[in-house]
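Hi,

Here is the model I promised to pass on to you. Could you open it in your viewer while you read the notes below?

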Amino acid sequence: MAVKLIEIGYAALRCGDVEGAMRNFEQALHSMPDSPQPHLGLAIALLEQGSDSEASQELKAALEIDPDYAIAHAYLGIELLKLQEFEAAEEELEKAVRTAPTNLLVLVKFAEYYYRLGYFPRSIMILEQALKLPYCANEYVVGQARQLQAQARQKCRGMIVRETPDFRYWLCLASHLKGYRETAPAIPLAS
């Protein structure tokens, strides 16, 4: 029964019915409180609603139940990246890939990580390799992979770069400088 609720919840998400999906995932959660799958579904629905902090809590709840739940690690990695917690994000995504190296959804999230950082060629490479692997993902996940691959290829058009610069370094430096400017004493200007 609860597994069917989860399937119905994902179908509702694909149709754009976020409220219906959340109801199904919450019912599944009441039926299977010791399973990480309803927490993941609820987190994805919350992300669709724009409730990122609540989604992160659901992902962490799923990982408390199953610390090796690769998909939850992958989604949490992307959420940490959005918060500019680069090391933690990379750590979560690496855990996900180590745990499930052939899971297409995990590899899509790993490629998304590099895409969001501007590493478009690396994102394309990950997706090309992922789509060659034998996987048992549904059509929706395959579609996500192909869509992200097309977006990354579009971003690469006209690029002349041997090695993509490491934007994480510049983002970390910018966040440190921002903190420095907020705490630095004002310097009087000479008149």
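Let me start with lysine 95, which is partly exposed at a relative accessible area of 26% (buried means under 20% relative accessible area, exposed over 50%, and partly exposed in between, with a 1.4 Å probe and protein chains only). Before going further, please note that this is a predicted model, where local features need pLDDT of at least 70 and side-chain atom pairs count only at pLDDT 80 or more, while totals for chains, interfaces and linings use all residues. Residues are numbered from 1 along each chain as its sequence is written, and side-chain values use heavy atoms, with hydrogens and water left out.

**Salt bridges**

Lysine 95 has two salt-bridge partners to look at (a salt bridge is a side-chain nitrogen of Lys or Arg within 4 Å of a carboxyl oxygen of Asp or Glu). One of them is glutamate 91, with 3.7 Å from N to O. Glutamate 91 and lysine 95 both belong to helix H6, residues 86-99, and sit four residues apart, about one turn of the helix (helices, H or I and at least four residues, and strands, E and at least two, are DSSP runs numbered from the N terminus). Glutamate 91 is partly exposed, at a relative accessible area of 44%.

The other partner is glutamate 92, whose side chain meets that of lysine 95 at 3.9 Å, N to O. What separates these two along H6? Lysine 95 and glutamate 92 are three residues apart in the helix, so about one helical turn lies between them. Glutamate 92 is buried, with a relative accessible area of 11%.

In helix H7, residues 104-117, lysine 109 and glutamate 112 are likewise three residues apart, about one turn. They form a salt bridge with their closest N and O atoms 2.9 Å apart, and both residues are buried.

**Aromatic rings**

How many aromatic pairs does a search of the whole structure find? It gives five (rings of Phe, Tyr and Trp, the last by its six-membered ring, pair if their centres lie within 6.5 Å; planes under 30 degrees apart count as stacked, over 60 as edge-to-face and the rest as tilted). Tyrosine 113 and tyrosine 114 have ring centres 5.0 Å apart and planes at 75°, so this pair is edge-to-face. Tyrosine 113 is buried at 0% relative accessible area, and tyrosine 114 is buried at 8%. Tyrosine 114 also pairs with tyrosine 119, again edge-to-face, at 5.6 Å centre to centre and 90° between the planes. Tyrosine 119 counts as buried, at 3% relative accessibility. One aromatic cluster is made up of Phe110, Tyr113, Tyr114 and Tyr119.

Tyrosine 114 can also be placed relative to glutamate 90: the two are 24 residues apart in sequence and 9.9 Å apart in space, C-alpha to C-alpha. Glutamate 90 lies in helix H6 and is partly exposed at 22% relative accessibility.

Elsewhere, arginine 14 lies over the face of tyrosine 140, at 6.0 Å from the ring centre (a charge sits over a ring if NZ of Lys or CZ of Arg is within 6 Å of the ring centre and within 35 degrees of the ring normal).

**Helix H3**

Helix H3 (residues 36-49) has 14 residues and reaches 20 Å from its first C-alpha to its last, close to the 20 Å expected (the expected span is 1.5 Å times one less than the number of residues). Is H3 mostly covered or mostly open? It is mostly covered, with 11 of its 14 residues buried, including Pro36, His39, Leu42 and Ile44. These buried residues pack against helices H1 (2-14), H2 (18-31), H4 (52-65) and H5 (70-82) (contact means heavy atoms within 4.5 Å). After H3 comes glycine 50, with a positive phi near 95°.

**Cysteines**

How many disulfides are there? The count is zero (a disulfide is a pair of cysteine sulfur atoms within 2.5 Å). Cysteine 15 is exposed, at a relative accessible area of 70%, whereas cysteine 156 counts as buried at 18%.
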